[in-house]
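The following report walks through one protein model, from single residues to the chain as a whole. Please keep the sequence and the coordinates at hand while reading.

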Amino acid sequence: MEQNIQDTHSAQQNKTMPHMTLESITNACEGVFHGPQELLQKEVTGIVTDSRQISPGNLFVAIKGERVDGHRFIPAVIEQGAMAVLCEDVPQMDGCTYIQVPSTLEAIKQIAAFYRSALDIPVVGVIGSVGKTSTKEMIASVLSQKYSVLKTDGNFNNEIGVPLTIFRIRKEHQIAVLEMGISDFGEMDRLAAIAKPDICVMTNIGWCHLENLKTRDGILKAKTECFAHMREGGTAILNGDDDKLCTLQKVCGKRPLFYGIPENMRQSEPGSYEKNPQVYARNVENLGFEGMKAIICTPSGSFAAEISIPGEHNVYNALAATAVGITLGLSLEEIARGVAEAKTIAGRTNFIRHNGMIIIDDCYNANPVSMKASIEVLAHAKGRSIAVLGDMGELGEDERALHYEVGRCVGEQKIHTLFCAGELAEEYKKAAESANPECEIFYFKTREDMTGKLLDYVKEGDTVLVKASHFMEFPKVVSALQMQ
């Protein structure tokens, strides 16, 4: 696959989107163009849905959201230099160039699929229940040692986020790393039809979005919809220690590239990592908050990996990134450097040192697997360890039992103090009390009530983990701690 990557690293940034004329955009979304015919052959400089991000020459997509209708901002974006707008309703202004479609949400997906097909660069799709964002960051860090990489910002991983990420690809980019997230059947099919990945990386099949997907087998079925849209000759890179993923011995007629840690291996054949061309880790060493060390073995040889981000799950991220790097022609030296340079982002096991405390900001989202992984990291604290946990969403009929499991992990890991808030968080309290009667526990119905008590409680030397599902708005807890 390496030979297909264009040598454009030194190219100057193209101010327009190649192939994206107003005519090709209109055709791609089957819209109706209204405006001067001489503009049809003009390439747009970008495609955006946020009026605050408009630059001259952009195409503005007016989306009717639950709270705000983007059509309201059409006069403002035209004044700011937008070349045209994509809209459902006729703009209420004279002289506006626009493309009218029945649904702008559907149209941006059609346009993104067209743009992706016109681009001759590999796409790496990152998929899984837990760890997509951190794995995406690790992969991008590795690939950037050799190539110019475009990656998903934050977690722009849904049916709007993936198209918007693809629209950011420019002539100088040699590889795109796209995070792809779903919550129901059919969504991955639509995302993969847009992204057309050359490589599909699957981190795991966990306990999340069970309201729609019901079981882990349902999750597996939904996520593997991506394989139908992999480009010919593509590669599936799978976590071989996941009991569901390890059953996928053929993907599109080709053996997947598995990665894992042999001591944790769940594949039925002993020694399969060593016998087959796999990527695996040996001599894994946990350095607490300083990160992890391991020897990573590949079909091309092995190297000593130094991972600055704490937690065994980051060894898996490094293994996935190594497998991608090997597939795309990087040397072991380049891969080792990329693994060592990988960083966290806000809300994802991000360590914040403030007033003598360590705040572990891991509050973007949560499910049972990621909760337990973060609690295990917190257990390495040298001073008081304080878990600040909120409800997890979309867990279906087993939600109380799954919350109880997380609370038991708090107790078993000997966490000093538990602060928890939410309707289901009472299960954390019950389980932590049962597993460790010495754990100091504070339970509250609301985040607001909990935050006040927490601010009175914390002191210099504490390590505080903050984690909950997004709807609990726990970033506000992190902000409050930083204002102490």
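K414 is exposed, its relative accessible area being 56%, where exposed stands for over 50% relative accessible area, buried for under 20% and partly exposed for anything in between, computed with a 1.4 Å probe on protein chains only. This residue lies in the loop between α13 and β18 (417-421), and although K414 is not a glycine, its phi is positive, at about 60°. Helices (H or I, at least four residues) and strands (E, at least two) are DSSP runs numbered from the N terminus.

C252, also not a glycine, has a positive phi of about 55°. Its place is the loop between β10 (235-239) and β11 (257-260), and with a relative accessible area of 58% C252 is exposed.

## Basis of the model

The model is predicted, so that local features need a pLDDT of at least 70 and side-chain atom pairs count only at pLDDT 80 or more, while totals for chains, interfaces and linings use all residues. Residues are numbered from 1 along each chain as its sequence is written, and side-chain values use heavy atoms, with hydrogens and water left out.

## Overall dimensions

The secondary structure of the protein comes to 16 helices and 20 strands. For 484 residues, a compact globule would have a radius of gyration near 23 Å, and the 24 Å of the protein agrees with that; the radius is taken over C-alpha atoms, and the globule rule is 2.2 Å times the number of residues to the power 0.38. Taken along the principal axes, the C-alpha atoms fill a box of roughly 75 × 55 × 40 Å.

Of the 484 residues, 58% are buried. Among contacts (heavy atoms within 4.5 Å) between residues at least 6 apart in sequence, 63% join residues at least 24 apart.

## Nonpolar cores

In soluble globular proteins, nonpolar side chains tend to be buried together. A nonpolar core is here a set of buried Ala, Val, Leu, Ile, Met, Phe, Trp, Tyr and Cys residues joined through side-chain atoms within 4.5 Å. The largest such core has 86 residues, of which I47, L86, F227, L389 and L418 touch the most other members. Leaving aside neighbours within four places in sequence, I47 is in contact with M17, M20, I25, L59, V61, I111, L164 and F167. Apart from this core lies another, of 39 residues, which includes V177, L257, Y259 and L330.

The axes of helix α12 (residues 368-378) and helix α13 (residues 399-412) come within 10 Å and cross at roughly 10°, the axes being lines fitted to C-alpha atoms over the stretch in contact, with angles from 0 to 180 degrees between N-to-C directions. That makes α12 roughly parallel to α13, a term that covers angles under 35 degrees, whereas over 145 counts as roughly antiparallel, 65 to 115 as roughly perpendicular and the rest as oblique. On the α12 side, P368, M371, K372 and I375 meet L402, E405, V406, C409 and V410 of α13. The residues of this contact divide into seven nonpolar, no polar and two charged, where Ala, Val, Leu, Ile, Met, Phe, Trp, Tyr, Cys and Pro count as nonpolar, Asp, Glu, Lys and Arg as charged, and the others, Gly among them, as polar.

S374, also found in α12, counts as buried at 5% relative accessibility; not counting residues up to four places away in sequence, S374 touches D362, L465 and K467. In helix α11 (residues 332-341), the buried residues are L332, E334, I335, A336, G338 and V339. What covers them includes α4 (132-143), β13 (292-298), β14 (301-307) and α10 (313-327).

## Further individual positions

V284 lies in strand β12 (residues 279-286) and counts as partly exposed at 27% relative accessibility. Not counting residues up to four places away in sequence, V284 touches I261, M292, K293, A294 and V315, and its C-alpha atom is separated by 9.5 Å from that of A305, 21 residues apart along the chain.

Two glycines complete the survey. G218 lies in helix α8 (residues 216-223) and is buried, with a relative accessible area of 8%; beyond residues up to four places away in sequence, G218 touches F185 and L213. G383 lies in the loop between α12 and β17 (385-390) and counts as partly exposed at 39% relative accessibility.
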